[in-house]
Amino acid sequence: MRFAVCDDEEKFRVQARDMIDKLAGSLDVIVDVYEDGRALLDAFDKNPYDVLFLDIEMPAMDGITLARKLRERSDNIYIVFLTGHVEYALEGYEVNALRYLTKPVQEDKLREVIRFVMDKNTSKRQVMIKEDGEEMLLNVADIIYLEAQNQYVMIYTTEGEHLIRYNISDFEEKLKNDGFFRCHRGYLVSLAKVKKLVKSDVLMEGPDGDISIPVSRSNVKPLKEALYSYVENVAF
């Protein structure tokens, strides 16, 4: 995802950028900073952002005006205002602002915003597969785990199973930013569906009960670290 911070004060730009980088962890996130709205608008026209953190009080163009111009360009962006003045809140409704964060920004409040937009992004993410000659879309949030079966991959989801001719390594690359981990040569699991680790197995949350997936010895520690990082990044 692409984030942008626009604030005329350097210390707040740097603070917000560094905190977003820290909270995003290993997720594929780009954070750019701008000191005035005109520069952000020019950049947005060339390559749009997903989430925008806008200071309200800026000399050349205030944050509310900037938000209106950005909203004219896209209905899908998330706008978060940085301010110490709650009286601006009513104006924020005009541009469908997601949140107001007071300056200096508190890490727990910023984590809530990142958790929200990441969850929304993942819930909307889909992957295209071809099964029995027909193309179909799968919701990433529905995938529990994938299992390599010779030249095929079985995809287990909350809605059913799909056997496709594919390489599990390609799925590992495709889903690397969606909270998936290769716990074993033949298995790729969704960290969001993990219930607990039991010795050399990971217990997954399935539609009809728990599912036990093997974890290779070399991946036990990395899986624990991935789970800790995932929980830390998505927890309020």
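Buried means under 20% relative accessible area, exposed over 50%, and partly exposed in between, with a 1.4 Å probe and protein chains only. The structure is a predicted model, in which local features need pLDDT of at least 70, side-chain atom pairs count only at pLDDT 80 or more, and totals for chains, interfaces and linings use all residues. Residues are numbered from 1 along each chain as its sequence is written, and side-chain values use heavy atoms, with hydrogens and water left out.

**Whole protein**

The C-alpha atoms fill a box of roughly 60 × 40 × 25 Å along the principal axes. The secondary structure comprises 7 helices and 15 strands; helices (H or I, at least four residues) and strands (E, at least two) are DSSP runs, numbered from the N terminus. Of the 236 residues, 43% are buried.

**Helices H2 and H3**

Next, select residues 37-46 (H2) and 63-73 (H3), whose axes come within 10 Å and cross at roughly 10°. Axes are lines fitted to C-alpha atoms, for helices over the stretch in contact, and angles run from 0 to 180 degrees between N-to-C directions. H2 and H3 are therefore roughly parallel to each other, a term for angles under 35 degrees.

**Salt bridges**

A salt bridge is a side-chain nitrogen of Lys or Arg within 4 Å of a carboxyl oxygen of Asp or Glu. By this rule there are 13 salt bridges.

Select Glu172 and Arg182, which form a salt bridge with closest N and O atoms 2.8 Å apart. Glu172 lies in helix H6 and Arg182 in strand S11, so the pair ties together parts that are 10 residues apart in sequence. Glu172 is partly exposed at 31% relative accessibility, whereas Arg182 is buried at 17%.

Move to Arg125 and Asp178, a salt bridge with a closest N to O distance of 2.6 Å. Arg125 lies in the loop between H5 and S6, and Asp178 in the loop between H6 and S11, so this pair ties together parts that are 53 residues apart in sequence.

Within helix H5, select Glu107 and Arg111, which lie 4 residues apart, about one turn of the helix. Their side chains meet in a salt bridge of 3.3 Å, N to O.

**Buried glutamates**

Now select Glu147 in strand S8 (residues 143-149). Glu147 is buried yet has no salt bridge, and the nearest side chain of opposite charge, Arg182, is 12 Å away; Lys and Arg count as positive and Asp and Glu as negative, while His and the chain ends are not counted. Display Tyr187, whose side chain is joined to that of Glu147 by a polar contact of 3.2 Å.

Glu131, in strand S6 (residues 126-131), is likewise buried without a salt bridge. Beyond residues up to four places away in sequence, Glu131 touches Met136, Glu161, His162, Leu163 and Ile164.

**Backbone features**

Select Asp132, in the loop between S6 and strand S7 (134-139). Asp132 has a positive phi of about 55° although it is not a glycine, and is exposed, with a relative accessible area of 77%.

Finish at Lys103 and Pro104, joined by a cis peptide bond with omega about -5°. Pro104 lies in the loop between strand S5 (99-101) and helix H5 (107-124).

Technical notes. A polar contact is a pair of N or O atoms within 3.5 Å; within protein, one must be able to donate a hydrogen and the other to accept it, and residues adjacent in sequence count only if both atoms are side-chain atoms. Angles under 35 degrees count as roughly parallel, over 145 as roughly antiparallel, 65 to 115 as roughly perpendicular and the rest as oblique. Contact means heavy atoms within 4.5 Å.
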